[in-house]
Amino acid sequence: MKNKPVTSMLLPRYLVPVRPRDVVLLDHAVVVLDGRIAAVEPRETAIERFPDADKLELPHHVLLPGLVNMHTHSAMSLLRGYADDLDLNTWLRDHIWPAERRWLSAEFVRDGTELAVAEMLRSGTTCFNEMYFFPEVIAEVVDAAGLRACIGSPVIEFETAWASGFDDYFDKAERLHRVLEGHSRLTVALAPHAAYTVTDEMLTRIADYSTRHGLPVHMHLLEIAWEIQHSLQEYGVRPLKRLEQLGLLNDRFLAVHMAHLGEDDFELLAATGVNVVHCPESNLKLASGFCPLSGLLRAGVNVSVGTDGAASNNNLDLFGELRTAALLAKGLAADPCVVDAMSALELVTINAAKALGLGHELGSIESGKSADLVALDLNWPETQPVHHVVSQVVYAASSRQVSDVWVCGRRLLDNGSLTTLDLPAIMAKAKAWNQRMAVQ
Ligand SMILES: [Zn+2]
């Protein structure tokens, strides 16, 4: 009896491996064996070498590494459109935090995360860096759906439906770390909310735990100008200096937003290896400020991109986000040459993988890495003619053109259909939340 082949072969028209950089391969094959990329080579050679492989022709498609969303609050998808057109302070204190006090529960997080994961997979995201309450529930949803995530265990100075105070937040973070240690697709980060909602004592303990266990620290930072005044008043130093003094600035630190940097900060970020996560659409919508993307890249800082939650974006579409990041950088620098298409694509692939400490595993299509892949169909009027593949991906393509998604070689989106999630049930639950929240 012939053995069922464990090898599969993807045969895209175009392949953008990201590493090596600036390369587009035509008519190449990606051979996948036991969830890993076993070979990237010309299609004829691959077909000859692996005659029994399950072949998938992708005749009009570009194959990309799976995209990585470096900052989101998945369950806040249930708060999409709940409070718009407000400044950050009013939005957060008068709308979002009261809504969370009223509605936050394991059920809210489960339903909201499922909705977010469905949106992310359908738009080519294979991994995300998460920060929200009930992280153990988020982990269950992600595990069942089959994609990857770095699950941030949140810490904030006030009580929530999830935790009663600092010791409780910290105990829960330690428990999550123990439970997920060794998981093949899920990792854990400590996620202090922001410099203005977490005390020195909390941050010191977080820095110590992160150092001892090698965990990332995922934190909102310098999102609004007011944070600087607050830090000077409370601690006598600017926020970045305070975090440096508390031992947090290193290559495990994921600093989200960074829209109010001083001139000296670029050098400090580069010297300490801090990873900056740029969320351009959320910053634009809340008019928070501008993260100086081109200056950070020039200074040698590793920058990646996140959507933030759907309550402030209002979608989780990384194709849209990377285009906004590139265009905004050009406009701000008054220079169309900065952040070219390839650099923009790196923000959501290899740079993000490095920021999570997973550069050896994700972020490019190379032999030995995990088979986390996205096929984008370019046979749409919006992306013809294909003079330049990466230009089409960054400046013209829509996430609606994502046809297939694989994580660890498993096909989670099959020609537009989710294979591990019940989309009608997820939609029904989102609509039920709309009813429930409306009658309140
Ligand atoms: Zn955020």
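Which residues have the most contacts inside the largest nonpolar core?

Modeller: Happy to walk you through it. Please keep in mind that this is a predicted model. The residues with the most contacts inside the largest nonpolar core are V30, V117, A255, V276, L322 and V393, and the core as a whole has 141 residues. Its largest share comes from helix α3 (residues 106–122), which supplies eight residues. At least three residues of this core are drawn from each of domain 1 (7–65 + 368–408) and domain 2 (67–355). As general background, nonpolar side chains in soluble globular proteins tend to be buried together.

Let us zoom in on V30. Once its neighbours within four places in sequence are set aside, V30 is in contact with L10, L15, I37, V40, L63, I365 and L373.

The protein chain is divided into domain 1 (7–65 + 368–408) and domain 2 (67–355), and their C-alpha centres lie 30 Å apart. The contact between them takes 20 residues from domain 1 and 24 residues from domain 2. On the side of domain 1 that touches domain 2, β14 (373–377), α15 (389–396) and β15 (402–407) each supply at least two residues. Of these elements, α15 gives the most, with five residues. By type, the residues on this side of domain 1 divide into 13 nonpolar, three polar and four charged.

The C-alpha atom of E48 is separated by 12 Å from that of V31, and the two residues are 17 apart along the chain.

Finally, step back to the whole chain. The protein chain holds 16 helices and 17 strands, and 51% of its 440 residues count as buried. Among contacts between residues at least 6 apart in sequence, 73% join residues at least 24 apart. The C-alpha trace spans about 70 × 45 × 45 Å along its principal axes.

Conventions: Residues are numbered from 1 along each chain as its sequence is written. This is a predicted model: local features need pLDDT of at least 70, side-chain atom pairs count only at pLDDT 80 or more; totals for chains, interfaces and linings use all residues. Helices (H or I, at least four residues) and strands (E, at least two) are DSSP runs, numbered from the N terminus. A residue is buried if 20 or more other C-beta atoms lie within 10 Å of its own, exposed if 12 or fewer, and partly exposed in between; C-beta atoms are placed from the backbone. Two residues are in contact if their C-beta atoms, placed from the backbone, lie within 7 Å. A nonpolar core is a set of buried Ala, Val, Leu, Ile, Met, Phe, Trp, Tyr and Cys residues joined through C-beta atoms within 7 Å. Domain bounds come from an automatic or database domain assignment. Ala, Val, Leu, Ile, Met, Phe, Trp, Tyr, Cys and Pro count as nonpolar, Asp, Glu, Lys and Arg as charged, and the others, Gly among them, as polar.
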